Amino acid sequence: MRRQNFHNLAFPSSDFYASLLQKSLKIKDPLATRSIHAQIIKSGLHLGQFLVNNLINAYGKNGFVSDARRLFDELPTRDASSWNTLLSAYVKQGLIQEARHIFSEVPRPDDVTWTTMIVGYNLKGQFEVAIKTFMEMVACNVLPTQYTVTSILASCAAIRSLKIGRKVHSFLVKFGLSRHVSVANSLLNMYAKAGDVSTAEIIFDRIAIKNISSRNAMISLYMHTAQVDLAVALFEQMDDRDIVSWNSIIAGFNQHGFHIEALDMFYRMLRGSLLRPDQYTLASVLSACTNLRMINIGKQIHSHILRTEFDTSGAVANALISMYSRCGAVNIAQSIMEQSQISNLNVIAFTALLDGYIKLGNIDPARKIFNSLEDRDVISWTAMIVGYVQNGFFNDAMDLFRLMSEAGPKPNSYTLAAMLSVCSSLASLNHGKQIHAASLKLGEASSVSVSNALITMYAKAGSLSCAQVVFNFIHEKRETVSWTSMILALAQHGYGEESIQLFDDMLAMGIRPDHITYVGVLSACIHVGLVAQGRRYFKMMKDVHGIEPTPSHYACMIDLFGRAGLLQEAQDFIEKMRIEPDAIAWGSLLASCKVHKNVELAKFSAERLLEIDPENSGAYSALANVYAACQKWEEAAKIRKSMKDRQVKKEQGISWVQIKNDVHVFGVEDGIHPQRDAIYQLTEKIWKEIKKLGFVPDTESVLHDLDNELKEQLLRNHSEKLAIAFGLLNTPDNTTLRIMKNLRVCNDCHSAIKYISKLVGREIIVRDSTRFHHFKDGFCSCRDYW
């Protein structure tokens, strides 16, 4: 501001200084206010109320609230303007509590006083308080102005309160305030935000002079209610458009999947309008590029942003990071984040970056970004936890969840569901129960996502009864996933008939099954050998529910035929498949050949499997085991040598048991555990005792050419038997013992564990690679069919 020579002016008036103060505000020169104030004091006009009110206003708008307050306190008398000017100063600086205190001291609050407080609450997002203040204003018989009602209608729009908005509308009609254009536009905006299309259209039609704001509100409403054609028609009728008009139409196209149309409208705006895109325009079109995976178009928009020197912080930077991350250019996204020095990365950009790093198998940079975020809300925490889960870093997910529980926001249903999936993957019942307790405490246990995750967790951790309790608890909220989870749980635990009955109950309830439901019911048929029913359900899936078979469904049918000994039918089924058989299909047939000792078909299946996956160790091992089972030792040795020469590593069988929060892992003839001596002594003792009960070792399970004594020693020290011995040593009597194994349990172990359950009088639950076995009182839930 050009400084004036005040000494050359003869007796400047109060109006002159008031005008100078207004000019200083327009050019945003805060120091000018102090200079003008000094000249006012020299001129002796500093005691005039009019000029002091102007000074309070100037200091307040420049952020010098304490100076404004000091001047106010020095006033010998204060009029309504003095109070309202000071109140406005505090409101505009966001000091709402202090403003409320000043408001309570105002002798006679007028319409400006009340309106200022309502505006203040709106600025702080306290819309309900703003509405309450408006009601108090009306109760005090202070008539609102058009500025008051536009503010209160904005409050109603913000909280989508149609009920209160209609009451305010009635009030406006009663006092004749609805005739003002600004009020009519505010009403239109309120009904539009609340989604009341019919009332909004009536108000829009009644507005005599429709301005840009009126039309923008209707375009936004039509887009919000998916009436895209009406929005476009209204947009095309507009002679003048502002940036809100363009943003509404572009964002609307993008939100409803018309991404190409959004980009076309953006280019039309650049070519035919003098308006420059703002951050909302650019964020929308970059989102369209993201959804279309059009990185080249995104780069062009990025170039436009750089050429026009647009500020790339905030929403635009987040949109660029999301676009590049989703399109596979994580390195560019990372560089943008570093160059922009973003500390307020939004959850969309963060999850996009996280997803990009996960696809690259590199999650450490994502964790560094997460640690750098200033405002980590529940969505950010959940996204990071889900990232760990999807990448298989279950312990890291657990650690982060503990940190969230101690120092972060309260977990929501999605966080808890993600953590329950961790417990499912680890088969950790103790941790799962802790998450269940947390969900009850947080009031999230009854949510659909948490309930379904609980069913799966309890099932995979071996507690079918708890899974059933959760399923029964949500009987009014069950949907397809809930039914499917329980059908799969029953099937995995060997309760095939119950699983099939539940599937039939689901159909009777009118719940439509999906492709995973059919995997569950076909698995149930597999586990109890119901071939005819399996055929019927496979046909029903296609003919009744129109679900095309996936590789998983085909693999189920091959497994169903194979386990039942129908190997030729299984081979014929593979040859008639509509899709190319994958490794799982040939693997299922090969596994059945091993059980039924069909050498020729095993050789054929292994060859097909190795053509698809040359490094598949299971194919070599299964074929060698088929030869060994048929006592073709030379052929078995050749296969094992071929496997060794090609450096194909066989997956070693391991078993593990969780005691409290520690997981103990055992291999065959494991000799490194701290309790090794006690474990082997108990294993040998149990071996002798179950023999007395009638157990006969299945030496054919040892697929090597050894004498029977050595075979028995190998069988006695299988990993699941060592895990059971350790569990018996370290858990209370009469409690259930849960053992996990990475491979299919062998015939000898299956038979031995039945006798062990009878010997020790305890239920032993074993989860192998295909199902659960509940051993109790000398019997197994699979009925020896697995």
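**A guided tour of the predicted model**

Begin by selecting Phe 538, Tyr 554, Phe 561 and Phe 573, which ring pairs link into a cluster. The model on display is a predicted one.

Phe 538 and Tyr 554 form a tilted aromatic pair, with 5.9 Å from centre to centre and 55° between the planes. Colour the helices next: Phe 538 belongs to helix α32 (residues 531-543) and Tyr 554 to helix α33 (residues 551-563), so the pair ties together parts that are 16 residues apart in sequence. Are these two residues buried or exposed? Phe 538 counts as buried, at 8% relative accessibility, and Tyr 554 likewise counts as buried, at 5%.

**Other rings**

How many aromatic pairs does a search of the whole structure find? The search gives 19 aromatic pairs. For one of them, select Phe 503 and Tyr 518: the ring centres lie 5.4 Å apart and the planes meet at 65°, so this pair is edge-to-face. The pair links distant parts of the chain, with Phe 503 in helix α30 (residues 496-508) and Tyr 518 in helix α31 (residues 515-528), 15 residues apart. Phe 503 is buried, at 0% relative accessibility. Tyr 518 is also buried, with a relative accessible area of 0%.

Now move to Arg 478 and display the rings of Phe 471 and Trp 483. Arg 478 lies over the face of Phe 471, 3.8 Å from the ring centre. The charged end of Arg 478 also sits over the ring of Trp 483, at 5.3 Å from its centre.

**The cysteines**

Cys 525 is buried, with a relative accessible area of 0%.

**The sheet**

Switch to a cartoon view and find the strands. Six strands form an open sheet of mixed pairing, in the order β2-β1-β3-β4-β5-β6. Which strands stand at the edges? They are β2 (662-667) and β6 (779-780); each has a single partner strand, so one side of each is left without a neighbour in the sheet. In general, strands of a sheet pair through backbone hydrogen bonds, either parallel or antiparallel. Follow strand β5 (residues 772-776) to β6: the two run antiparallel and are joined by two bridges. Select Lys 776 to see that it stands opposite Phe 779 in β6.

**The whole protein**

The secondary structure of the protein comes to 42 helices and six strands. Along its principal axes, the C-alpha trace spans about 125 × 55 × 50 Å. The radius of gyration is 37 Å, whereas a compact globule of 786 residues would have one near 28 Å. Colouring by accessibility brings the burial into view: 48% of the 786 residues count as buried. Among contacts with a separation of 6 or more, 60% are accounted for by residues 24 or more positions apart.

Notes: Residues are numbered from 1 along each chain as its sequence is written. This is a predicted model: local features need pLDDT of at least 70, side-chain atom pairs count only at pLDDT 80 or more; totals for chains, interfaces and linings use all residues. Side-chain values use heavy atoms; hydrogens and water are left out. Rings of Phe, Tyr and Trp (its six-membered ring) pair if their centres lie within 6.5 Å; planes under 30 degrees apart count as stacked, over 60 as edge-to-face and the rest as tilted. Helices (H or I, at least four residues) and strands (E, at least two) are DSSP runs, numbered from the N terminus. Buried means under 20% relative accessible area, exposed over 50%, partly exposed in between (1.4 Å probe, protein chains only). A charge sits over a ring if NZ of Lys or CZ of Arg is within 6 Å of the ring centre and within 35 degrees of the ring normal. Two strands pair if DSSP finds at least two bridges between them. The radius of gyration is taken over C-alpha atoms; the globule rule is 2.2 Å times the number of residues to the power 0.38. Contact means heavy atoms within 4.5 Å.
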